[in-house]
Amino acid sequence: MRDYWLSKLFFDLQSSPSLGAEYRAERKKILDRYPLKPEVRKAVERDDVVFLAARVNPYLLRFYFVVAGMPEAEFLKKVRNAGAESAARSSHG
Amino acid sequence: MAKLVGVFASSHAPLIIRGWKDVSAANQQSLTRSMTELGGRIKAAKPDVLIEIAPDHWVNFFINNLPSICVGMGEEHDGPAEPWMKDCPYKKIKGHPKLAHHIVETALERDFEPSMSHHLTLDHGFCIPLWRGGLDPLPPIVPIIFNDLEPPYPTVRRCLQWGTMLAEAVRSYPEDIRVAILATGGLSHSIGEPTMGEIDEPFDRECIRHFEAGDDRKLVDFLNERLPTIGNGAAEIRNWVAAHGAADRRGFELIGYCNCPEVYVGCGFASWNLGARV
């Protein structure tokens, strides 16, 4: 499943270094430009890698967190846990 | 008539540039040796034009318009846009519209339907092997983008057929020029997935053995069975399969393999010995 506007946000951010810098400074202002579903926006604001991973291409996910400034070790830890967490979340409905 | 004078394949891990200082001395040496050797072989083939097959890492295309295969027809392409590729010497890259047109016409004649672009940006997937292989100046490039990033992908079987058709297109091109093919991507790696960073060396070695053996059915069956079970980056092996088809499935020679966790990629470098066929 692909969430179009989430994918578009990530695509735009990795395509434009100036937008990336603006995003790091004022995340809310950039997010307001995209018609994200409330639960998707919340997941972006919370850096919820598991939720986001199920909705975008994995390369875009990776590029996004580089642009967003998440340290590599933290991203690796979160994305590596994503498989187990995703299974746990779906088994709890 | 044009001649196919070389067929090559290479990995293109971004961290070869972006994280080089963190790569162990032994792996730096291995990668440098392979990339230099590959670049040397491309130069020795003296291509007047290089056809390059690589994926697009969300630079030219997005999910609102995502071709499975796109041929770059432009007179000129842009160099890589990634900020960490800023030191790459290729800012503008000359194309070869006439050969590109001939490839598209041949493709359509053979019942393939590629997309076309008259202006592409050639990202790290195209440029790292050329840059680190020391190709400066570059020959004109006809880029062909295969969608290896967003499923569903072109089938492995179709990629092999693409290679065969590409070699036919080269050999039927009416000008007396030398043409080489370079496919980039793979081998095993995983990006943005729970398995990120995992390299499956046994898979890579088996894949290499299949290229060496040159049995179409076994290669296609192996990849159809195994690609869905390993990291997403291995999808780029489709590009190697197209190169293999262009080389008529013979003469595969591994230049080097480096299981390089620092760049998250099982890095492979190869050429196909065309021998008397050139």
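T195(B) touches S190(B) and G231(B), leaving aside residues up to four places away in sequence, and I start there while noting that everything I describe comes from a predicted model. This threonine sits in the loop between β8 (178-184) and α6 of chain B. T195(B) has 20 other C-beta atoms within 10 Å and is therefore buried, the cut-off for that label being 20 or more. Between T195(B) and C260(B), which are 65 residues apart along the chain, the C-alpha separation is 15 Å.

The loop that holds T195(B), between β8 and α6 of chain B, also contains L187(B), and the peptide bond that joins G186(B) to L187(B) is cis, with omega about -5°. A cis bond is also found from P151(B) to P152(B), where omega is near 0°, and P152(B) belongs to the loop between β7 (141-146) and α5 of chain B.

While we are on backbone geometry, let me turn to phi. K46(B) is not a glycine, and yet its phi is positive, about 50°; this lysine lies in the loop between α2 (25-44) and β2 (49-54) of chain B. Y264(B), likewise not a glycine, has a positive phi of about 65°, and its place is the loop between β9 (252-260) and β10 (265-272) of chain B. Is K46(B) buried or exposed? K46(B) is exposed, because it has 11 other C-beta atoms within 10 Å, and the limit for that class is 12 or fewer. Y264(B), on the other hand, has 22 C-beta neighbours inside 10 Å, and so counts as buried.

Let me now step back to chain B as a whole. Its secondary structure consists of eight helices and 10 strands. The radius of gyration of chain B is 17 Å, close to the 19 Å that the globule rule gives for 278 residues, and the chain is therefore as compact as a globular protein of that length.

Two packed helices are described by the angle between their axes and the distance between the axes. For α6 (residues 201-213) and α7 (residues 216-226) of chain B, the angle is about 160° and the axes are 9 Å apart. Since the angle is over 145 degrees, α6(B) is roughly antiparallel to α7(B), and the crossing of these two helices is left-handed. On the α6(B) side the contact is made by F203(B), E206(B), H210(B), F211(B) and A213(B), and on the α7(B) side by K218(B), L219(B), F222(B) and R226(B). By class, the residues of this contact between α6(B) and α7(B) are five nonpolar, one polar and three charged.

The second pair is α5 (residues 156-171) and α8 (residues 237-246) of chain B, which pack at an angle of about 40° with their axes 6 Å apart. That angle makes α5(B) oblique to α8(B), and the crossing is right-handed. Among the residues of α5(B) that take part are C159(B), W162(B), G163(B) and L166(B), while those of α8(B) include R238(B), V241(B), A242(B) and G245(B). The contact of α5(B) with α8(B) divides into 10 nonpolar, five polar and one charged residues.

Chain A has seven helices and zero strands. Its radius of gyration is 13 Å, close to the 12 Å that the globule rule gives for 93 residues, so chain A too is as compact as a globular protein of its length. The C-alpha atoms of chain A fill a box of roughly 40 × 30 × 20 Å along the principal axes, and buried residues make up 31% of the 93 residues.

How many residues does each chain bring to the contact? Chain A gives 18 residues and chain B gives 14 residues. On the side of chain A that touches chain B, the elements giving two or more residues are α1 (4-15), α6 (58-67) and α7 (72-91) of chain A, and the largest share, six residues, comes from α6(A). That side of chain A divides into 11 nonpolar, four polar and three charged residues.

Conventions. Residues numbered from 1 in each chain as written. Chains lettered and ligands numbered in written order. Predicted model: local features only at pLDDT ≥ 70, side-chain atom pairs only at ≥ 80, totals over all residues. Axes fitted to C-alpha atoms, helices over the stretch in contact; angles between N-to-C directions. Helix = DSSP H or I, 4+ residues; strand = E, 2+ residues; numbered from the N terminus. Parallel < 35°, antiparallel > 145°, perpendicular 65-115°, else oblique. Left-handed = near helix turned anticlockwise from the far one by under 90°. Contact = placed C-beta atoms within 7 Å. Nonpolar A, V, L, I, M, F, W, Y, C, P; charged D, E, K, R; others polar. Rg over C-alpha atoms; globule rule 2.2 N^0.38 Å.
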